[in-house]
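Colleague: I'm new to this one, and I'd like to learn how to read charged pairs and interfaces. Could you take me through it?

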Amino acid sequence: MTSLTQWKGHAWIALVVRLYLGGVFLAACFHKIAHPGSFAIDVATYQLLPLALVNAVAILLPWTELIAGASLIAGVRVKAASLLVAAMMISFILALVWALHLHLEMSCGCFASKGAAEDPISWRTLLRDGAWLLMSLYVLAVDDRPIGLERLMGKRRDAHA
Amino acid sequence: MSGPRAQAIVRALRDAALMLAVSAAVAFGTNAVRGDGLPVVQRKDYEILVPCEETNGQTTPIAPNDPALADKATLVVDSRSKQEFDAWHMPSAINIPFDYLAATSEVDVKKVLASRASRVVVYGDGDDPDSGRELARELSGKGVRNVFVVTGGAPALPGGPRPKGAP
């Protein structure tokens, strides 16, 4: 098991996965940050959170997506970022299962706010989120020496020492 | 679980908590200074349009000059025929012709549900029965919330068409 996770090729595969996941999260956060009111309605539409928490989640979530996405791309605190991404994906999946269970005809609100007719939630949305969850878990599990800024800075420090 | 692995997990958890704290600081700080920031605790229910189980068909009358008709959060629906709609309609209106003999299509109902509007205002021909009132009741019965119907229909609206039979 250990030798499986220590294969050197993981760092390069994980880099591709990180760039993809980071890009997805950056793309997802911008509209939400720019239009918090619209995103709050998206959150409320799930009818999952108590009203008092809807705005707090709508304010906090996009910035967490931004910081986690940027960290994945830059290669800074990659384990922590992938942990946050995995936690977010699990919560998104639970929310989607809830909405599908209630037969809510709505958009997932994952990216730019769209109407249910343009971007309806479905089991395909769930599969997509499941794939992203697996990617984040992969990075979390195997990317022990992530290629990126932090590693580069570490090498420089070592060279100067 | 042994030493280095456990340490790595603890470090990841600690860093994740730190990232979350930084995100929270930036998020709530930005929200506090921006003009369109949200109240952190929402007290008034969001008006969301999703299908609901009760099908009571309730609608509320609204005056033709009510400012809500011009509100961006309002979806205005014209229930008259396509020809009447083409001849005149409110600039923001969409056309869902009401058919007394057939149910409104699921596509049209979904179009309304997907609009994300916080209220739906329907106007019809203003006749008795009024197609607007009938469509509004049908939409409400199919799960659309906050459905209003313009009293007097299109002829009562500013700049609207003449009532049928008028000289």
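Modeller: Let's begin with a network of salt bridges, which links A:R77, A:E150, B:R14 and B:D15. Bear in mind that this is a predicted model, where local features need pLDDT of at least 70, side-chain atom pairs count only at pLDDT 80 or more, and totals for chains, interfaces and linings use all residues. Residues are numbered from 1 along each chain as its sequence is written, chains are lettered from A and ligands numbered from 1 in the order in which they are written, and side-chain values use heavy atoms, with hydrogens and water left out.

Colleague: What is the general idea of a salt bridge?

Modeller: Side chains of opposite charge can pair when their charged atoms come close. The rule here asks for a side-chain nitrogen of Lys or Arg within 4 Å of a carboxyl oxygen of Asp or Glu. In this model, A:R77 pairs that way with B:D15, and their closest N and O atoms are 3.0 Å apart.

Colleague: How do I read a pair inside a chain?

Modeller: Take A:E65 and A:K32, whose closest N and O atoms are 3.0 Å apart. They link distant parts of the chain: A:E65 is in helix α4 of chain A and A:K32 in helix α2 of chain A, 33 residues apart. Helices (H or I, at least four residues) and strands (E, at least two) are DSSP runs, numbered from the N terminus.

Colleague: Is A:E65 buried or exposed?

Modeller: Buried means under 20% relative accessible area, exposed over 50%, and partly exposed in between (1.4 Å probe, protein chains only). A:E65 has 1% relative accessibility, so it counts as buried. A:K32 has 4%, so it counts as buried too.

Colleague: Which strand holds B:R119, the partner of B:D71?

Modeller: B:R119 lies in strand β4 (residues 119-123) of chain B, while B:D71 lies in the loop between β1 (60-62) and β2 (74-78), so the pair ties together parts that are 48 residues apart in sequence. Their N to O distance is 3.2 Å. B:D71, at 32% relative accessibility, counts as partly exposed, and B:R119, at 18%, counts as buried.

Colleague: And how do I read the size of an interface?

Modeller: The size of an interface is often given as the accessible area lost when the parts come together. Buried area is what two parts lose that way (1.4 Å probe), summed over both. Between chain A and chain B it is about 3100 Å², with carbon and sulfur atoms giving 69%. On the chain A side, A:L51, A:I59 and A:E105 lose the most area to chain B, together 20% of what that side buries.

Colleague: How many residues does each chain bring to the contact?

Modeller: With contact meaning heavy atoms within 4.5 Å, chain A brings 38 residues and chain B brings 32.

Colleague: Last one: where do the domains of chain B fall?

Modeller: Domain bounds come from an automatic or database domain assignment. For chain B, that assignment gives domain 1 (1-41) and domain 2 (60-156). The C-alpha centres of these domains of chain B lie 46 Å apart.
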